[in-house]
Amino acid sequence: MNHLLPLLVALPLLGAGLLAATGRLLPRIAAETAGVVVSAGTAVLALVLLLNSSPPLVEWVGGWPPKASKGGESVGIVLVGDGVGLGMAALVSVLTVAALAYSWHYFDEAPEGQAGTFPALVLLFQGGMCGFAIAGDLFNAFVFFELMSVVAYALTGHRVEEARAVQGALTFGVVNSLGAYAMLMGIGLLYARTGELSLTAIGRGLDAHGGPDALTLAAFVLVLTGLLVKAAAVPFHFWLPDAHAVAPTPVCMLLSCVMVELGVYGVWRVYGTVFAGPGGIPAAGLEHALLALGVLTGVGGAFMCWYQRHIKRMLAYSTVSHVGLFLVAIGAYTPEGDDGAALYILGHAGVKAALFAVAGILLDRYGSVDEKELHGRARELRLPAVLFAAGGLALAGLPPFGTAFGKAVSEEAAGGPFTVLYVAVSAVTAGAVLRVAARVFLGLGPEPEEAAQAETKGTGEEPETHGRLGRLPDTMVVVPTVLLAAALAMGVVPGFAGVVSHAVSEAGSGGAVVTTTHWTPAGVLFGLLSTALAAGLAALAVTRPHLTAPHPWTDPVRRLRSGHLGDYVAWLVAGAALVGVLAWPSVLGG
Amino acid sequence: MTFFPYLVAAYIFLVGCYGLATSRNLIHAVGCLSVCQAATYVLLLTVGYRDGGTAPVFSDIRPGSRPVVDPVVQALTLTDVVVGATVTALLLALVIQVVKRHGTADPDELRELRG
């Protein structure tokens with residue numbers, strides 16, 4: 001079974017190569033079918049491997065295993081397929097299939113006459129993300145990280161005729177590449193210390209060397225910077241709203257629901273395997289860094305989410321805000337916290353992808369994703385309205401959605417004051433979604449007025465289809481419905497949580513720590529509370545629209561997002577310094 | 001082994017970041033990003049350096065007869081160069097599109113996406 005692991009990367013790459021080579025000759029339907037078939041095949045493979053991932057699969061690619069005669073050293077490339085890595089690969093693949101199905105046939109062909117380009121890029125993206133999820137050594141993790149990043153820049157700027165798309169893609173590209181180079185510097189330092197590249201071997205090497213010192217701390221900060229840029233933690237997050245607001249909708253689904261989460265996964269994986277030992281960074285260092293950044297991310301993302309009128313941008317900020325919650329769950333550094341983060345990421349992926357899909361419907365039908373301009377115009381869209389509202393409720397943590405389950409488990413693991421953060425962040429981000437649902441689909445509240453201040457509007461966007469949609473294609477409605485149903489099933493199907501916690505415990509502690517996760521009365525209660533708060537906030541916003549308009553007192557925070565590339569780079573450097581400062585005391589103490 | 005090459009690597013990285021943060025031209029910014037990447041080359045090659053070592057090519061020297069520099073980091077650097085070329089090419093292509101659509105390469109004038 002382990003020999004099949006490299007296929008997870010090879011299959012999509014091969015498919016992408018074939019599509020890129022033959023794309024000019026193929027009719028559109030053939031190219032799209034080929035894309036869906038290859039990504040679905042990879043998804044099936046990922047799921048089959050996932051079912052066989054206990055005990056974890058290990059594959060030395062090309063038959064270069066470590067040799068005992070050489071002291072167990074190896075220069076081979078190792079892929080590790082444990083429950084969490086393969087789970088992420090399966091999530092990536094399933095969402096890729098969903099994105100390709102969503103764009104099936106309707107998506108405007110660009111460039112003209114090259115039907116294979118878009119599916120080929122999406123397959124390449126899938127291959128890069130799967131590779132990152134199962135990479136067992138740091139340098140390959142970096143290579144796959146760069147592969148998925150580069151494809152993501154290209155996909156974000158896919159509609160090259162649009163001014164906003166290319167600008168967003170450029171910001172995305174520069175900030176993420178800088179993060180990746182920081183990560184590579186960290187990998188170089190770790191190699192200098194240990195002479196190893198595979199994650200477990202670096203961990204052992206650090207432990208053999210003795211306690212942490214300045215070099216370990218520098219490596220920790222640099223590697224974490226790269227991963228946190230990808231995860232869009234505040235203050236590394238500035239690229240995300242730009243990229244997600246301008247990327248084509250199917251690409252948004254992949255960026256927001258799984259690529260960003262791969263950054264969180266990377267933090268968990270790298271800390272757990274490399275730095276968790278006595279020679280690494282003490283757990284207190286990770287906790288301080290992740291909890292502080294997580295709170296900042298959650299609050300900052302929710303705040304900005306509330307004041308957006310551009311619907312895709314609002315969803316993007318809601319992703320930022322939820323990443324904060326994932327980081328807090330991981331930063332709690334308990335087995336339950338890891339379970340909670342895993343469940344939350346799975347549920348969030350389904351819900352957020354469905355919300356983006358509905359936003360895409362609005363864009364293609366009305367040529368706008370502006371909350372104010374669309375006021376009451378989408379009354380005719382019954383099913384999308386239901387889906388959008390259900391997505392909002394799921395985001396708020398309404399039991400029994402998978403998001404509510406993940407939120408409840410993470411909340412209890414983090415405990416104490418963090419419960420307030422979880423409830424508040426869920427309520428505000430979901431309140432913004434519900435407010436949009438009420439205004440756009442139901443036409444509630446007074447007719448909006450134009451604000452005096454400059455803000456990013458969602459008007460005048462080009463539909464992604466050939467002209468505006470008259471009748472909705474079935475695929476565009478079926479995909480969000482299935483995704484929401486899946487998110488619901490995650491919280492309802494008995495045994496699902498058990499499978500997830502088993503996978504997490506096996507990947508995290510080698511199965512030494514066994515946890516059980518289940519609904520608790522407190523979790524259900526807080527889920528209902530945040531849903532009620534979200535509904536209340538939405539009602540307040542609909543009846544008093546000035547509450548969502550930019551206020552003078554919010555200006556200082558909003559001005560931080562200046563739209564200037566240089567500022568974002570400066571924030572990245574400041575963020576790296578912040579991580580260092582937060583982790584430093586634990587190294588001194590240890 | 002001195003610390004000097006490590007300091008050089010750190011300096012190159014930070015100088016690239018400074019250039020990015022203060023850039024007034026997007027092509028210049030992409031160039032600064034390449035400067036940051038050059039820091040990773042310096043760091044990796046420094047890590048693999050051995051005093052008195054020679055190139056790890058064993059066609060004319062006997063293995064074990066004299067120290068050689070670490071070939072692993074050289075392979076990493078080569079991969080890194082390929083990655084860097086791809087990224088730079090793509091970003092420059094995006095800059096060309098930005099200039100075509102916005103009519104400027106000055107990041108100060110690209111303030112549409114904010115807030």
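Is B:Asp106 buried or exposed? I began my notes on this predicted model with that residue, and I found that B:Asp106 is buried, with a relative accessible area of 12%.

**Entry on the salt bridge of chain B.** I looked up the partner of B:Asp106 and found a salt bridge with B:Arg24, in which the closest N and O atoms are 3.2 Å apart. B:Arg24 lies in the loop between helix 1 (4-22) and helix 2 (26-48) of chain B, and B:Asp106 in the segment after helix 3 (71-102), so the pair ties together parts that are 82 residues apart in sequence. B:Arg24 is exposed, its relative accessible area being 52%.

**Entry on salt bridges of chain A.** I noted a count of 11 salt bridges over all chains. One joins the side chains of A:Asp82 and A:Arg269, at 2.8 Å from N to O. Here, too, distant parts of the chain are linked, since A:Asp82 sits in the loop between strand 2 (77-81) and helix 3 of chain A while A:Arg269 belongs to helix 10, 187 residues apart. A:Asp82 counts as buried at 4% relative accessibility, and A:Arg269 counts as buried at 12%. A:Glu32 and A:Arg28 also meet in a salt bridge, at 3.1 Å from N to O, but these two are 4 residues apart in helix 2 (residues 28-51) of chain A, about one helical turn. I also wrote down a network of salt bridges that links A:Glu371, A:Arg435 and A:Arg439.

**Entry on the interface.** I then turned to where the chains meet, and found 50 residues of chain A in contact with 43 residues of chain B. The two chains bury about 4,000 Å² between them, 76% of it on carbon and sulfur atoms. A:Leu170, A:Tyr181 and A:Met185 supply 17% of the area that chain A buries against chain B, more than any other three residues. I counted 0 salt bridges between chain A and chain B, whereas 5 residue pairs are in polar contact across the interface. Helix 6 of chain A gives the most to the side that touches chain B, with 19 residues, and that side divides into 31 nonpolar, 11 polar and 8 charged residues.

Which helices do the buried residues of helix 18 pack against? I found helix 3 (83-102), helix 10 (249-275), helix 13 (335-366) and helix 15 (402-414) of chain A. Of these I followed helix 13 of chain A, where 29 of its 32 residues are buried, and just after it A:Gly367 takes a positive phi of about 65°.

Conventions: Residues numbered from 1 in each chain as written. Chains lettered and ligands numbered in written order. Predicted model: local features only at pLDDT ≥ 70, side-chain atom pairs only at ≥ 80, totals over all residues. Heavy atoms only, no water. Contact = heavy atoms within 4.5 Å. Buried area = accessible area lost by both parts, 1.4 Å probe. Salt bridge = Lys/Arg side-chain N within 4 Å of Asp/Glu carboxyl O. Polar contact = N/O pair within 3.5 Å; in protein donor to acceptor, adjacent residues only side chain to side chain. Nonpolar A, V, L, I, M, F, W, Y, C, P; charged D, E, K, R; others polar. Buried < 20%, exposed > 50% of the residue type's maximum accessible area, 1.4 Å probe, protein only.
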